[in-house]
Amino acid sequence: MLVNQTAHVGRQAELHCRVHSIGNRTVSWIRGRDLRILTVGRYTYTTDLRYEALHQNGTNQWTLRIRSVQPRDHGTYECQVSTKPVKTFTTYLRVLEPRGKILGAPDLYVQKGSMINLTCVLQDLPEPPLYVRWYHSNKLFSNRNISYSSSRGGVSMIVEKGPTTVSHLLITAANVGDNGIYTCVANNLNATSVTLHVLNAGEHPAAMQTNKAPPLPHGPSLLLAIAAARILWHGWLHNT
């Protein structure tokens, strides 16, 4: 019997094994990738102090606790009961590491005057982020917090929070001042960036990904742009 379980990097995982009519037999936890004995009964047989055996008298549940889960902890763990023959119950631990990506990274090209639509996808989060922020850097300034009420105008952000969180940064009427590095930052994830290139008419670099949407400051067209971005990131999720 195989049980699947997930845990996030840095969090705690508890693997459970129920054993009935144990008598004087012992329960051990074995790590599948190297067949190392981690615990026997309530005793821990590894120098990795993140592992701990838990059992409460009078119950049939034996638990392997792993503190501060790391990517290397993924794989199978066997709960073995010292019967003859040995009974084994296997748990597969999948370790999720939060990750983020801006669609189109590392370089995104748009035509001057078009709408800039930057989509930041944050996956495998332990919980939705408290915030998602965007920063802009170019030759004149570094990591400037993007203002949605500046004189530049036409800048907005929409965030859809969940285990997969998506942030759309929308900037109408792209101009050369919008060139530079855009960074998406969530409170529970490392930053991810994209370099935006605003091209004048007639410029067509080989790697160009053209955003042909016209300058649309509000209304139904804005909703269409967001819907298009959702289609793009759903396709990206399917292919990752």
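Mentor: A nonpolar surface patch of about 380 Å² is formed by Ile37, Tyr43 and Tyr45. Patch residues have over 30% relative accessible area and no salt bridge, and nonpolar side chains (Val, Leu, Ile, Met, Phe, Trp, Tyr) are joined within 5 Å, like charges within 9 Å. A salt bridge is a side-chain nitrogen of Lys or Arg within 4 Å of a carboxyl oxygen of Asp or Glu. Areas come from the Shrake-Rupley method with a 1.4 Å probe, and for residues only the protein chains shown count as cover.

The model is predicted: local features need pLDDT of at least 70 and side-chain atom pairs count only at pLDDT 80 or more, while totals for chains, interfaces and linings use all residues. Residues are numbered from 1 along each chain as its sequence is written, and side-chain values use heavy atoms, with hydrogens and water left out.

Tyrosine 45 sits in the loop between strand S5 (43-44) and S6. Strands are DSSP runs (E, at least two residues), numbered from the N terminus.

Strands of a sheet pair through backbone hydrogen bonds, either parallel or antiparallel. Two strands count as paired if DSSP finds at least two bridges between them. S6 and strand S7 (residues 61-66) run antiparallel and are joined by 5 bridges. Within this pair, leucine 54 stands opposite threonine 63 in S7.

Strand S7 also holds leucine 64. Leucine 64 counts as buried because its relative accessibility is 0%, where buried means under 20% relative accessible area, exposed over 50%, and partly exposed in between. Between leucine 64 and alanine 13 there are 51 residues in sequence, but the C-alpha to C-alpha distance is 8.2 Å.

Now the cores. A nonpolar core is a set of buried Ala, Val, Leu, Ile, Met, Phe, Trp, Tyr and Cys residues joined through side-chain atoms within 4.5 Å. The largest has 22 residues, and Leu118, Leu122, Trp134, Leu169 and Tyr182 have the most contacts inside it. A second, separate core of 19 residues includes Leu64, along with Ala7, Val81 and Val95.

How values were computed
Helices (H or I, at least four residues) and strands (E, at least two) are DSSP runs, numbered from the N terminus. Buried means under 20% relative accessible area, exposed over 50%, partly exposed in between (1.4 Å probe, protein chains only).
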